[in-house]
Amino acid sequence: HFPAQTPNTSTTLKHPPESNLSCTKMSSKGINSLLDAEKNAQNLVDAARKERSQKLKKAHEAANSEIEAIRAEKEKSYEKQKADAHSGAGIQEKQLAAATKVEIDGLGRGLDAKAPLVIDMLVKAVTQLD
């Protein structure tokens with residue numbers, strides 16, 4: 001058997017008061033370091049969110065300007081087609097009038113060429129008695 005040992009206060013380890021203060025300071029530095037790191041991380045997150053928001057806003061503005069440009073182009077194209085259709089109707093009307101005039105002139109020339117023959121036939125028909 002081993003003899004029973006009684007605790008000896010002289011051999012028990014105790015930290016001197018300066019050592020406790022040193023641990024508290026180290027603990028405090030560690031906590032402050034963590035708080036600073038958390039603050040820096042939050043600042044980085046906030047900056048990233050702000051940058052993302054700005055990029056989204058710019059993209060939205062660019063998309064709106066592109067949409068407006070396309071809308072203006074389509075409107076211009078529509079107005080041109082509308083004007084062409086209206087002027088096209090005028091052109092078709094002029095072409096039809098010219099074609100009609102050509103036909104009427106052709107009929108007039110044909111009538112002029114056959115008029116003496118028709119007059120002779122009528123005179124013979126009226127003057128001859130069967």
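Guide: What follows treats the fold, the surface and the salt bridges in turn.

Guide: This is a predicted model, in which local features need pLDDT of at least 70 and side-chain atom pairs count only at pLDDT 80 or more, while totals for chains, interfaces and linings use all residues. Residues are numbered from 1 along each chain as its sequence is written, and side-chain values use heavy atoms, with hydrogens and water left out.

Visitor: How many helices and strands does the protein have?

Guide: Helices (H or I, at least four residues) and strands (E, at least two) are read as DSSP runs, numbered from the N terminus. Here the protein has one helix and zero strands, and helix H1 covers residues 17-127.

Visitor: What percentage of the residues count as buried?

Guide: Buried means under 20% relative accessible area, exposed over 50%, and partly exposed in between, with a 1.4 Å probe and protein chains only. Of the 130 residues, 1% count as buried. The accessible surface, computed by the Shrake-Rupley method with a 1.4 Å probe, comes to about 12,700 Å², and 61% of that belongs to carbon and sulfur atoms.

Visitor: How many salt bridges does a search of the whole structure find?

Guide: A salt bridge is a side-chain nitrogen of Lys or Arg within 4 Å of a carboxyl oxygen of Asp or Glu, and the search finds four. Among them is the pair Lys55 and Glu51, at 3.4 Å from N to O; Lys55 is exposed at 54%, whereas Glu51 is partly exposed at 43%.
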